[in-house]
Amino acid sequence: MDKEDRDTIKHISGTLDEILAFLKKPENRLLKVLEVGGAVASVLAVLGIIDIIIKWVIGG
């Protein structure tokens with residue numbers, strides 16, 4: 001293995017170490033709450049649209 005290959009492997013290793021350090025950070029609770037709230041709001045919006053379409057088709 002020549003010097004260029006070793007430098008490339010060191011660079012890849014350093015990049016992987018940075019990614020691992022980022023992934024190990026604890027998740028922000030506020031962002032998690034907002035994500036769950038957004039998902040619930042999206043589901044409710046889709047159910048509301050389905051309800052409107054059903055009322056149009058049935059006529060009630």
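This is a predicted model: local features need pLDDT of at least 70, side-chain atom pairs count only at pLDDT 80 or more; totals for chains, interfaces and linings use all residues.
Residues are numbered from 1 along each chain as its sequence is written. Local features need pLDDT of at least 70 and side-chain atom pairs 80 or more, while totals for chains use all residues.

Let's begin with the overall form. The protein chain has two helices and zero strands, these being DSSP runs (helices H or I, at least four residues; strands E, at least two) numbered from the N terminus. Its radius of gyration is 25 Å, well over the 10 Å that the globule rule gives for 60 residues, so the chain is more spread out than a compact globule. That radius is taken over C-alpha atoms, and the rule is 2.2 Å times the number of residues to the power 0.38. Along the principal axes, the C-alpha atoms fill a box of roughly 75 × 25 × 10 Å.

Now look at helix α2, which covers residues 29-58. From first C-alpha to last, its 30 residues reach 43 Å, close to the 44 Å expected at 1.5 Å a residue; the expected span is 1.5 Å times one less than the number of residues. At the N-terminal end, Asn28 caps α2, with a side-chain oxygen 3.1 Å from the backbone nitrogen of Leu30. After the helix comes Gly59, with a positive phi near 90 degrees.

Within α2 you will find Ala45, which counts as partly exposed at 42% relative accessibility. The C-alpha atoms of Ala45 and Thr15 are separated by 41 Å, the two residues being 30 apart along the chain.

How values were computed:
Side-chain values use heavy atoms; hydrogens and water are left out. A polar contact is a pair of N or O atoms within 3.5 Å; within protein, one must be able to donate a hydrogen and the other to accept it, and residues adjacent in sequence count only if both atoms are side-chain atoms. Buried means under 20% relative accessible area, exposed over 50%, partly exposed in between (1.4 Å probe, protein chains only).
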